[in-house]
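Below is what I looked up, in the order I looked.

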Amino acid sequence: MNLTAANQLTILRMLIIPAFVILLLYGYRGWALVSFLIAGVTDLLDGLIARRTGQKTTLGAWLDPVADKLLIAT
């Protein structure tokens with residue numbers, strides 16, 4: 001498994017998703033928005049880092065769309 005910086009950001013985004021849902025369920029809308037924005041920034045940065053550093057990986061190509069779909073589905 002190749003955990004490049006971009007892949008680590010994608011995994012971080014996947015870990016933020018449950019926190020986002022929990023914050024929303026308990027009424028912490030401000031913190032939920034912050035967590036959603038952080039997830040969005042990680043989405044922007046992971047692709048940028050992967051392209052700029054030439055660290056495109058098969059794992060990243062699989063993880064990124066999965067993380068995107070999970071975030072959108074929540």
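**Entry 1: α2 against α3**

I started with the packing of α2 and helix α3, the latter spanning residues 58-73; their axes lie 12 Å apart, at an angle of about 160°. Since angles over 145 degrees count as roughly antiparallel, I noted α2 as roughly antiparallel to α3. I also noted that this is a predicted model. The two helices, α2 and α3, cross in a left-handed way.

Next I listed who touches whom. From α2 come Phe-36, Ala-39, Asp-43 and Asp-46, and they meet Asp-64, Asp-68 and Leu-71 of α3. Sorted by class, I get 4 charged and 3 nonpolar residues in this contact, with no polar ones.

**Entry 2: α1 against α2**

Then I turned to the other pair. Helix α1 covers residues 5-25 and helix α2 residues 29-53; I read an angle of about 165° and an axis separation of 9 Å. That makes α1 roughly antiparallel to α2 as well. The crossing of α1 past α2 is left-handed.

By class I have 16 nonpolar, 3 polar and 3 charged residues where α1 meets α2.

**Entry 3: a look at Thr-42**

Is Thr-42 buried or exposed? I found a relative accessible area of 4% for Thr-42, and because buried means under 20%, this residue counts as buried. Thr-42 sits in helix α2. Setting aside neighbours within four places in sequence, I find Thr-42 in contact with Leu-9, Leu-12 and Arg-13. Leu-9 is 33 residues away along the chain, yet its C-alpha atom and that of Thr-42 are 5.7 Å apart.

**Entry 4: the whole chain**

Last, I stepped back. I count 3 helices and 0 strands, running α-α-α from the N terminus. Along the principal axes, the C-alpha atoms fill a box of roughly 40 × 15 × 15 Å. The chain has 74 residues, and 28% of them count as buried.

How values were computed:
Residues are numbered from 1 along each chain as its sequence is written. This is a predicted model: local features need pLDDT of at least 70, side-chain atom pairs count only at pLDDT 80 or more; totals for chains, interfaces and linings use all residues. Side-chain values use heavy atoms; hydrogens and water are left out. Axes are lines fitted to C-alpha atoms, for helices over the stretch in contact, and angles run from 0 to 180 degrees between N-to-C directions. Helices (H or I, at least four residues) and strands (E, at least two) are DSSP runs, numbered from the N terminus. Angles under 35 degrees count as roughly parallel, over 145 as roughly antiparallel, 65 to 115 as roughly perpendicular and the rest as oblique. A crossing is left-handed if the near helix is turned anticlockwise from the far one by less than a right angle, and right-handed if clockwise. Ala, Val, Leu, Ile, Met, Phe, Trp, Tyr, Cys and Pro count as nonpolar, Asp, Glu, Lys and Arg as charged, and the others, Gly among them, as polar. Buried means under 20% relative accessible area, exposed over 50%, partly exposed in between (1.4 Å probe, protein chains only). Contact means heavy atoms within 4.5 Å.
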